[in-house]
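Work through the exercises below with the sequence and the structure open. Try each task before reading its solution.

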Amino acid sequence: MTNEIAVQALPVARAIDVMAFLRRFYGPDFYGAEERYFRWLYLDSPCRWYAPRRTAGEMPVNAILGARGELLGIHAYLPFDARTPWGGTRGIWDIEWINGDGPHGGGRALAGRLLSEVDVYAGFGCNGLSAVAFGRMGMTLVPEVGR
């Protein structure tokens with residue numbers, strides 16, 4: 001029997017916690033945790049497919065939570081409307097993928113959640129740990145996608 005790692009979408013009310021989590025890992029002056037930038041990138045997205053979630057008070061950040069509701073790992077993403085040759089329309093741009101204090105396998109659980117919901121999974125750059133994790137999930141890294 002395996003223990004499944006619970007991943008959940010966060011409500012906008014947790015934005016301040018996500019910004020604090022980002023500062024913890026990247027330092028107090030991390031630009032991605034600056035309130036105006038954070039709001040612009042995550043909370044004001046005009047993406048059509050994500051609109052019902054945004055209206056329901058959700059933000060594009062999935063998390064693994066501890067027993068007291070503390071953030072152990074996050075996966076923040078930018079939703080975008082895609083148009084692909086295979087008919088896909090739901091895309092995300094992977095912005096922050098941090099397992100932090102989360103359980104072993106938490107990073108893959110966070111990414112797997114997003115992979116199950118979208119047609120296009122994009123990002124910029126990849127470190128060695130994430131390359132290994134994506135490989136274990138059966139993905140092939142493409143260094144560059146032409147227009």
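**Exercise 1. The chain as a whole**

Among contacts in the protein chain between residues at least 6 apart in sequence, what percentage join residues at least 24 apart?

Solution. Begin with the source: this is a predicted model, in which local features need pLDDT of at least 70 and side-chain atom pairs count only at pLDDT 80 or more, while totals for chains, interfaces and linings use all residues. Residues are numbered from 1 along each chain as its sequence is written, and side-chain values use heavy atoms, with hydrogens and water left out.

Step 1. A contact means heavy atoms within 4.5 Å. Among contacts between residues at least 6 apart in sequence, 61% join residues at least 24 apart.

Step 2. The radius of gyration is taken over C-alpha atoms, and the globule rule is 2.2 Å times the number of residues to the power 0.38. With 147 residues, a compact globule would have a radius near 15 Å, and the protein chain agrees, with 15 Å.

Step 3. Along the principal axes, the C-alpha atoms of the protein chain fill a box of roughly 45 × 40 × 30 Å.

Step 4. Buried means under 20% relative accessible area, exposed over 50%, and partly exposed in between (1.4 Å probe, protein chains only). Of the 147 residues, 41% count as buried.

**Exercise 2. The elements and the sheet**

List the secondary structure elements from the N terminus on, and give the order of the strands in the sheet.

Solution. Step 1. Helices (H or I, at least four residues) and strands (E, at least two) are DSSP runs, numbered from the N terminus. The protein chain has five helices and five strands, and the elements run β-α-α-α-β-β-β-α-β-α.

Step 1. Two strands pair if DSSP finds at least two bridges between them. The five strands form an open sheet in the order S1-S2-S3-S4-S5, with mixed pairing.

Step 2. S1 and S2 pair in the antiparallel sense over three bridges; alanine 9 has asparagine 62 in S2 as its bridge partner, and proline 11 stands opposite glutamate 58. S2 and S3 also run antiparallel, joined by five bridges, and alanine 63 has isoleucine 74 in S3 as its bridge partner.

Step 3. Look at the connection. S2 and S3 form a hairpin with five residues between them, and glycine 69 in the turn has a positive phi of about 85°.

Step 4. Check the cover. Six of the eight residues of S2 are buried.

**Exercise 3. Aromatic pairs**

How many aromatic pairs are there, and which residues form one aromatic cluster?

Solution. Step 1. Rings of Phe, Tyr and Trp (its six-membered ring) pair if their centres lie within 6.5 Å; planes under 30 degrees apart count as stacked, over 60 as edge-to-face and the rest as tilted. By this rule the count is eight aromatic pairs.

Step 1. Phenylalanine 21 and phenylalanine 25 have ring centres 4.8 Å apart and planes at 45°, so this pair is tilted. The two residues are about one helical turn apart because they lie four residues apart in helix H1. Phenylalanine 21 is buried at 4% relative accessibility, whereas phenylalanine 25 is partly exposed at 34%.

Step 2. Tyrosine 50 and tyrosine 77 have ring centres 6.3 Å apart and planes at 85°, so this pair is edge-to-face. Tyrosine 50 lies in the loop between helix H2 (35-43) and helix H3 (51-55), and tyrosine 77 in strand S3, 27 residues apart. Both tyrosine 50 and tyrosine 77 are buried.

Step 3. The cluster consists of Tyr26, Phe30, Tyr31, Tyr37 and Trp40.
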